[in-house]
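I have set them out as numbered points.

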Amino acid sequence: MNQSFIGEHLLPGQLGHLFVIVSFVAALFSAFAYFNAARREESTDGALWQKLARWSFVIQAVSIAGIFITLYYIISSHLFEYNYAWKHSSRGLPVKYLLSCFWEGSEGSFLLWLIWHAVLGLVVMRRGKQWETRVMTVVALVQAVLCTMLLGIYLGPEIKIGSNPFTLLRNEMQGAPIFAQPNYLEFIKDGNGLNITLQNYWMVIHPPILFLGFALTLIPFAYSVAALWKGEYKTWIKPALRWCLLGGAVLGTGIMMGGAWAYESLTFGGYWAWDPVENASLVPWLTLVAGLHTLVIYKSTGRSLKTTLIFFILTFLLIWYSTFLTRTGILGETSVHSFTGEGKALYWHLLIALALFLVISCYPLIRSWKKMPRVAGEEEADTREFWMLIGSIFLLISAIHIIFSTSLPVWAPLYKAVAGTDIAPSTDPVKYYNDIQVWAAFIIGVLSASIQFLKYKKTGMKAVWKKLALLIGISVVLSVLLVVGQKIEHLQYMAFTFAIMFTITGNLYYLLTTQKGKILKAGGSIAHLGFGLMLFGILLSGYKKTVISMDLAGANRNVDFGKKTFEENVKEGRENVLLFRNTTVPMGKYMVTYLGDSLVHNDPPLTFYKIRFDRRDPENNALLESFMLYPEAYVNPKGQEGISANPDAKHYWSHDVFTYLTSISNPEGKTDTSSFQPHTVRNGDSIFLANTVLVFEGLNNNISNKNYKAQTGDVAAEARLSAYTIDGKAGASTPVYVIQGNQATALDDTLRDLGLTIRINRIIPDQQATEIGIRQRAAQDDYIILKAIVFPFIRVLWLGVIVMVIGFFISWWYRRSEGSGRAAAKAPVTKK
């Protein structure tokens with residue numbers, strides 16, 4: 001039986017779903033038309049098919065824009081009859097975070113991916129020239145597959161294709177009693193809200209950049225398939241190289257933006273925790289960079305063609321495999337920020353998509369394997385191409401180790417079925433990955449500096465050895481100084497230190513002597529230099545980070561830190577300090593005082609906590625430095641346990657003081673059973689409390705308290721009281737007294753950081769006095785548990801990332817501006 005519901009806005013959802021269907025059909029037809037155009041390139045029919053394909057792709061691009069606009073309208077208009085809007089947004093959400101609602105859900109992240117593919121496809125249509133038909137066949141087919149992720153249609157009762165972002169809430173929660181009422185929307189006052197960890201400016205800009213990086217891996221993949229299809233391996237080099245450089249720059253930027261977000265918003269205790277979701281995005285970047293270097297080899301010597309094609313194909317397949325890992329919920333127990341809600345629906349869908357792309361790439365590769373051009377003979381060991389290939393292989397080995405370990409939840413059940421034993425992930429993933437990856441970084445760093453001094457095809461090694469000997473000597477001296485000065489004790493990190501110094505000095509030397517500072521031609525050296533600086537920052541900030549919040553008194557041993565082993569809880573307990581309000585505790589070279597808290601906003605109920613760090617001269621106790629940090633805590637609502645915490649840090653050139661909360665007092669909401677104590681005051685009178693003095697400044701009828709809502713007939717008065725502590729004025733309170741008819745009401749005001757709640761009990765006109773009621777929370781009832789870490793020289797890490805990305809973009813710009821004649825002249829001469 002059909003039932004009509006009051007207040008629903010059905011048109012936006014119907015329009016949005018129509019856009020989804022049109023985009024899928026148009027993308028599929030565009031792929032079909034481009035395929036026919038590629039097969040008939042020299043005929044009139046081919047031109048007609050190409051024209052149809054272009055118009056179809058434009059239609060799907062417009063439709064995808066329509067999906068985005070419609071969904072944004074639903075979210076920003078708070079149309080909670082739609083499941084996506086209710087699930088990911090709320091009325092109190094700041095406008096700047098509305099876009100973050102898109103990528104909190106799996107459907108929105110697929111939509112973002114679709115948008116970037118549409119934009120890149122339009123660029124290829126305009127600039128692809130003779131490669132357009134074949135490349136765009138692949139691009140349009142991938143678009144069609146991605147569109148299926150949003151279809152949300154059923155093939156029978158059990159098989160669902162995609163998840164429609166325009167489904168109604170009542171359809172997703174069928175059977176819930178509230179939807180038996182036609183006016184159910186009157187009872188849905190607000191949405192579920194955006195995860196507090198996503199309410200950060202990095203999460204507005206990081207996902208679009210990251211997904212642009214994902215999308216850019218499609219173009220080198222499409223060019224690779226097109227080259228195999230066409231049997232043309234020369235003219236594809238220039239466009240593939242440009243797209244690869246752009247993809248490396250953007251994807252690398254997106255990954256490290258994620259690290260910056262983790263540093264500012266998560267309680268990893270840093271910027272990188274080898275979390276499976278982080279790993280899943282890093283691995284395709286490693287193989288893309290490996291493919292970039294082998295493509296340069298092929299461009300210069302005609303070697304490594306097959307290796308390059310494999311790298312580009314593997315990169316794109318790894319993007320989809322990473323999507324499978326992070327979207328199906330298979331990493332739900334091992335990752336703090338993977339998607340878990342859509343797992344069953346997407347599991348087989350993504351596997352089928354992955355299998356499809358595997359077939360359309362591997363079939364032409366296998367078919368063309370023996371026909372591909374190759375250079376006779378093997379590379380000489382004294383050539384640049386030989387060692388560049390070795391470096392690319394080590395990038396691949398690094399990627400294999402990371403993805404193999406990250407995929408433990410996938411292959412561990414198979415291993416158990418065969419061997420009969422369980423394989424558990426490491427309890428300390430940071431140490432596990434670091435101990436292995438440090439050697440890969442050692443080799444890649446050394447090669448990135450030394451290979452540049454070699455030449456393609458043949459090198460005179462005498463002059464090279466002189467340069468390398470000089471650089472090795474300088475690097476050894478710098479490494480010894482650093483190892484001794486920073487007290488680096490582990491052998492692998494001593495070797496890592498040498499690799500870092502060699503990478504930095506080698507690339508600086510090459511940039512200044514060989515390149516002679518010609519920036520446009522030095523993109524590779526600049527990127528390698530940035531890589532060395534990034535490794536330097538990782539060494540200094542990671543190996544030498546110091547936890548200064550050591551619980552020497554053992555007051556904090558019973559705190560629950562989540563799903564961790566006993567040993568981890570003991571270690572975590574020792575690294576977290578219990579702070580009562582207005583008490584001071586030593587942490588490292590600082591004296592730390594918790595001063596109180598302040599409510600940022602009620603929706604969500606976000607509070608920041610005021611913590612003062614003081615550093616004094618040990619000789620005369622003179623104050624050398626003082627600063628405030630404001631880490632935030634958010635009490636998880638709607639049945640979730642515990643708190644979500646946003647860190648805060650004090651940034652110096654030499655180090656960061658990084659803090660976050662692991663627990664707060666009474667996280668369910670700070671209720672207080674203490675009573676209001678009456679104080680009768682006149683203008684100018686003072687009220688003396690523990691650690692606080694309140695000065696009564698009189699009553700007035702101009703109400704400034706934002707919580708007061710005036711009604712007709714009200715008689716209202718507001719008191720003003722200024723609060724002072726030993727450090728000076730600490731705030732002001734404005735309680736309100738309201739008479740409505742014959743009833744008097746007191747509107748309380750709070751000074752949260754002082755633990756005070758203040759109200760007007762009564763006004764005494766004949767005595768020109770006011771009775772003020774004051775309730776003060778005891779300091780021992782207000783506490784936080786804090787972790788504080790000092791990260792030395794972390795700015796070197798961020799500087800290295802910036803320099804590396806700049807190097808990528810310089811190389812991209814240089815390759816982009818190369819003349820076609822010049823590029824053709826440099827095309828490799830190959831022999832079969």
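At what angle do α2 and helix α5 (residues 106-127) pack, and how far apart are their axes?

1. The angle between α2 and α5 is about 150 degrees, and their axes lie 10 Å apart, where axes are lines fitted to C-alpha atoms, for helices over the stretch in contact, and angles run from 0 to 180 degrees between N-to-C directions. α2 is therefore roughly antiparallel to α5, since angles under 35 degrees count as roughly parallel, over 145 as roughly antiparallel, 65 to 115 as roughly perpendicular and the rest as oblique. Helices here are DSSP runs (H or I, at least four residues), numbered from the N terminus.

2. This is a predicted model, in which local features need pLDDT of at least 70 and side-chain atom pairs count only at pLDDT 80 or more, while totals for chains, interfaces and linings use all residues. Residues are numbered from 1 along each chain as its sequence is written, and side-chain values use heavy atoms, with hydrogens and water left out.

3. On the α2 side, the residues that meet α5 include R54, F57, A61 and F68, and their partners in α5 include L111, H117, G121 and M125; contact means heavy atoms within 4.5 Å.

4. R54 also takes part in a salt bridge with E132, at 2.6 Å from N to O, the term meaning a side-chain nitrogen of Lys or Arg within 4 Å of a carboxyl oxygen of Asp or Glu. This pair links distant parts of the chain, with E132 in helix α6 (residues 132-148) and R54 in helix α2 (residues 44-76), 78 residues apart. The whole structure holds 10 salt bridges.

5. Helix α14 (residues 384-406) and helix α16 (residues 429-450) pack at about 165 degrees, with axes 9 Å apart, and they are therefore roughly antiparallel to each other. Among the contacting residues are W387, F394 and H401 of α14 and Y432, Q437 and L447 of α16.

6. Helix α9 (residues 218-230) and helix α12 (residues 305-327) have axes that come within 8 Å and cross at roughly 130 degrees, which makes α9 oblique to α12. Here L218, P220, F221, S224 and L228 in α9 meet L309, F312, I313 and F316 in α12.

7. Finally, L470, I474, V477, L478 and L481 form a nonpolar surface patch with about 430 Å² of accessible area together, and V477 belongs to helix α17 (residues 461-486). Patch residues have over 30% relative accessible area and no salt bridge, with like charges joined within 9 Å and nonpolar side chains (Val, Leu, Ile, Met, Phe, Trp, Tyr) within 5 Å; areas come from the Shrake-Rupley method with a 1.4 Å probe, and for residues only the protein chains shown count as cover.

Terms used:
Helix = DSSP H or I, 4+ residues; strand = E, 2+ residues; numbered from the N terminus.
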